[in-house]
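Good morning, and thank you for the time at this meeting. Please look at the sequence and the model together while I speak.

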Amino acid sequence: MCIRDSTSAESEAKLRFEEGNALWGQDKHEEARLKFEQAHAVLKVPAVIFNLARAEMSVDHAERAYVLFRDYLKLPDTDVDRSLLARKHFADLSQKVGLITLSAATPSGTKVLVDGRFAGEAPLTEAIVVAPGKHDVVLVHADQTKGVPVSCPVQETVTVSYTHLTLPTSDLV
């Protein structure tokens with residue numbers, strides 16, 4: 001693995017990546033994941049993304065691993081063997097996650113929160129990846145908010161429909 005050093009932050013990230021590789025080789029997957037996460041904060045290169053995705057998967061963080069493998073598979077010039085493995089892992093992970101999208105009628109700029117966490121803004125460029133099960137989706141547009149309970153089955157995409165909102169944001173607790 002060769003990552004160019006051009007800044008002190010990149011040098012530190014490269015060191016964290018190498019530490020992660022060493023920990024991975026010792027089957028210390030959670031510790032390796034943390035090192036890869038630190039490297040990924042600075043280096044968005046294929047090897048870091050792949051190793052972080054693999055580590056996330058090994059510690060049962062299916063949603064995060066799914067997103068990282070999805071990102072990896074979009075990159076140009078990735079290693080052929082790693083790409084094949086990434087495709088396999090991505091397919092396996094797709095059987096463990098649910099997806100949320102927004103209807104086409106959702107106004108641009110509508111903020112989306114899932115279970116109280118910011119998850120994106122309309123129009124979404126990618127589906128929101130969630131654990132299968134029930135989720136509270138909140139759409140915020142201008143001064144209006146709409147809460148929508150959503151049940152996301154595994155391997156399925158649920159589309160949240162936007163209608164004119166009736167509850168002002170200031171009324172939220």
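I begin with a term: two residues are in contact when they have heavy atoms within 4.5 Å. With neighbours up to four places away in sequence left out, Asn21 touches Phe36 and Asn51. The model is a predicted one, in which local features need pLDDT of at least 70 and side-chain atom pairs count only at pLDDT 80 or more, while totals for chains, interfaces and linings use all residues. Residues are numbered from 1 along each chain as its sequence is written, and side-chain values use heavy atoms, with hydrogens and water left out.

Asn21 is found in helix 1; helices here are DSSP runs of H or I with at least four residues, strands are runs of E with at least two, and both are numbered from the N terminus. Is Asn21 buried, exposed or partly exposed? Its relative accessible area is 26%, so Asn21 is partly exposed. On this scale, buried means under 20% relative accessible area, exposed means over 50%, and partly exposed lies in between, with a 1.4 Å probe and protein chains only.

I turn to the cores. A nonpolar core is a set of buried Ala, Val, Leu, Ile, Met, Phe, Trp, Tyr and Cys residues joined through side-chain atoms within 4.5 Å. In soluble globular proteins, nonpolar side chains tend to be buried together. The largest core in this model has 27 residues, and those with the most contacts inside it are Phe17, Phe36, Tyr66, Phe69 and Leu93. Helices 1 (8–25), 2 (29–40), 3 (46–58), 4 and 5 (80–94) each give two or more residues to this core. Helix 3 gives the most, with 7 residues. Another core, of 15 residues, lies apart from it and includes Ala122, Ile128, Val150 and Cys152.

His89 lies in helix 5 and is buried, because its relative accessible area is 12%. Beyond four places in sequence, His89 is in contact with Met57 and Phe69. Phe90 also has its place in helix 5, but at 21% relative accessibility Phe90 counts as partly exposed. Leaving aside neighbours within four places, Phe90 is in contact with Tyr66, Phe69, Arg70 and Leu73.

Next come the strands, where two strands pair if DSSP finds at least two bridges between them. How many bridges join strand 5 (residues 133–141) to strand 6 (residues 144–152)? There are 9, and the two strands run antiparallel. His141 has Gln144 in strand 6 as its bridge partner. The hairpin of these strands has 2 residues between them, and Ala142 takes a positive phi near 55 degrees there.

Thr110 sits in the loop between strand 1 (98–102) and strand 2 (111–114). At 0% relative accessibility, Thr110 counts as buried. Apart from residues up to four places away in sequence, Thr110 touches Gly120, Glu121, Ala122, Leu139, Val140, His141 and Tyr162.

Phe90 and Ala142 are 52 residues apart in sequence, and their C-alpha atoms are 36 Å apart in space.
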